[in-house]
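Trainee: I should like to learn how to read the features of a structure, one at a time. Could we take the general idea of each and then the case at hand?

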Amino acid sequence: MQTRLVAVWQWARDKVRNARLEVKFILIASLIVLALMFVLGLWTTKSIEKAIMKGAGSVGAAYLQTFVEPLISEEDIRTKSLSPEVKAKLDLLLGDSPLGQHVREIKIWNPDASLFYSTAGRKVDQEEVFDELKRALTGEVVVSRTMISKHAYSGEERHAEYIEVYAPLVRDNAGQVVLVGEFYEQPDYLLAEIAGAWRSTLMIVLFVSVPMLALLYMIVRSGSRLIDDQHTAIRASLRHALELSNQNRRLRIEAERARQEAGKLNEKILDQIGSDLHDGPIQVLTLVKLRLSDMKPSLGGGDTVDVPVEGIGRLLRLVTVVLDEIRNISSGLVLPELDNISLNETILLAVRRHTDLTGNRVAIKGALDVDPSRGHLNICVYRFIQEALINAHRHAPGNVQQLRYGTRRNRIVIAIADIGSPPKAPALAPQRIRLGKLMQKRRIRAFGGKVRTIRRSNGTLVIVVLPLE
């Protein structure tokens, strides 16, 4: 049974929790109105009961003083008993008289809690002064119900829940109360008044609450519909925002692809420039060199001009230097095919070409396993290694060059260091050096990476971190 009640309670709680706002409101408001009806009805009935009992006490005291007190003489008080004639008269009072229509039984108490007289002929086994008797002895009229124990009651008295009134009955010459009268009044009219007040209170609260609840329900229902419309609008806005987010993501991917294609196109342009330099100026300068090397200084006059051998040699040296510089530029501009090789092979190729150009050996340590089809990332790594190794060779030619690389947290980490003496600041072309560093940083940032240069007392360390995604 307990398990079933728990299951019913959980089911009702889930239903209320998942109900609409106006349904929750009408349920809670109905519970509040019911509680208000009960409290107000209880308060009203208690007030009516208190007023009726107060009136019953006043009427009862007047009945006792009017009908009972004249029948009791001083001799009866002195002997603490009534004569048969007086008892007969008192019994007649509870007959067809107006008093008998309301009063069920009359008792007269002595100050010591002994029973002076009872129309039912009852006796008190244990005499004990109770609070209502004390208050009546002081001249106060006390009204109570037989459901509250004060002295010994019969089963009929307790079951009927009579209204009992304690009132001063006889006073002596000094004004002290010597007898207290008590009578039991039938509670029929009291119960009828309480039931009527209870029904009237409930009906009044109900008639007032139903229209009020209906009006509030309509207001809450309108607000609930407005909230539902707002939720619908918010969900539509959220879907629109998600669509815009997806569109922005697609645009970002397209922009990234365009940036990568622009990088590839830039490298192709540089490749073309290198090829043009190699096939154009270098060929011409080579021809000039051959012609100049064939020239012989003449000793005669005429159309010939004597050219000193020293000048020819100087000219040859200058042309040779130009050729070497143009070849170096061409070899730096022309990239090998990097689209179809892995990133690990790209790193090894960059180091090998640096060794071929400068003759410096580089200590390599590391391994990578990356998608070989990412040619744009290969170009970025190749350019970084090429620039870093050339700078180390140019500014610290006597240092030992090292290269370490690997992956960490889905990122590529490449470190290039030269160990020996610290690099010396070049005296010429400082702007070109700054430009190379700036282009290197821009290239790394374009791929979402970071580059850091650390100058130490025994050399320089350059670290680059590139994301794989």
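Trainee: Which residue stands opposite T460 of β10?

Mentor: In this predicted model, D418 stands opposite T460 in β10. T460 belongs to strand β10, which covers residues 459–467.

Trainee: Is T460 buried or exposed?

Mentor: The general idea is a cut-off on relative accessible area: a residue under 20% is called buried. T460 has a relative accessible area of 9%, and is therefore buried.

Trainee: With which residues is T460 in contact, once its neighbours within four places in sequence are left aside?

Mentor: The contacts of T460 are I416, A417, D418, P423, T453, I454 and R455.

Trainee: What is the general rule for side chains along a strand?

Mentor: In a regular strand, side chains alternate between the two faces of the sheet.

Trainee: How are β9 and β10 paired, and over how many bridges?

Mentor: The pairing of β9 with β10 is antiparallel and extends over seven bridges. The two strands make a hairpin, with two residues between them. Two facing pairs may be traced here: R456 is opposite G459 in β10, and T453 is opposite V462 in β10.

Trainee: What span should the 16 residues of α10 have, and how far apart are its end C-alpha atoms?

Mentor: At 1.5 Å a residue, α10 should span 22 Å; its end C-alpha atoms are 23 Å apart, which agrees.

Trainee: Which residues of α10 are buried?

Mentor: An α-helix has 3.6 residues a turn, so residues three or four places apart point the same way. In α10 the buried residues are L343, N344, T346, I347, L349, A350, V351 and H354. Just after α10, G359 takes a positive phi of about 80 degrees.

Trainee: Where are the salt bridges, and how many does the count come to?

Mentor: The criterion is a side-chain nitrogen of Lys or Arg within 4 Å of a carboxyl oxygen of Asp or Glu. By this rule the count comes to two. In one of them, the side chains of E140 and R135 meet at 2.7 Å, N to O. E140 is partly exposed at 33% relative accessibility, and R135 is partly exposed at 38%.

Trainee: How are R257 and E254 placed in helix α7?

Mentor: R257 and E254 are three residues apart in α7, so about one helical turn separates them. Their side chains meet in a salt bridge of 2.9 Å, N to O. Both residues are partly exposed: R257 has a relative accessibility of 39%, and E254 has a relative accessible area of 46%.

Trainee: Which other residue of α7 may be examined, and how far is its C-alpha atom from that of G41?

Mentor: M203 is found in α7, which covers residues 188–279. The C-alpha atoms of M203 and G41 are separated by 9.9 Å, although the two are 162 residues apart along the chain. M203 counts as partly exposed, at 39% relative accessibility.

Trainee: How many helices and strands are there in the protein?

Mentor: The protein has 12 helices and 10 strands. Of its 469 residues, 32% count as buried.

Technical notes: Residues are numbered from 1 along each chain as its sequence is written. This is a predicted model: local features need pLDDT of at least 70, side-chain atom pairs count only at pLDDT 80 or more; totals for chains, interfaces and linings use all residues. Side-chain values use heavy atoms; hydrogens and water are left out. Helices (H or I, at least four residues) and strands (E, at least two) are DSSP runs, numbered from the N terminus. Buried means under 20% relative accessible area, exposed over 50%, partly exposed in between (1.4 Å probe, protein chains only). Contact means heavy atoms within 4.5 Å. Two strands pair if DSSP finds at least two bridges between them. The expected span of a helix is 1.5 Å times one less than its number of residues.
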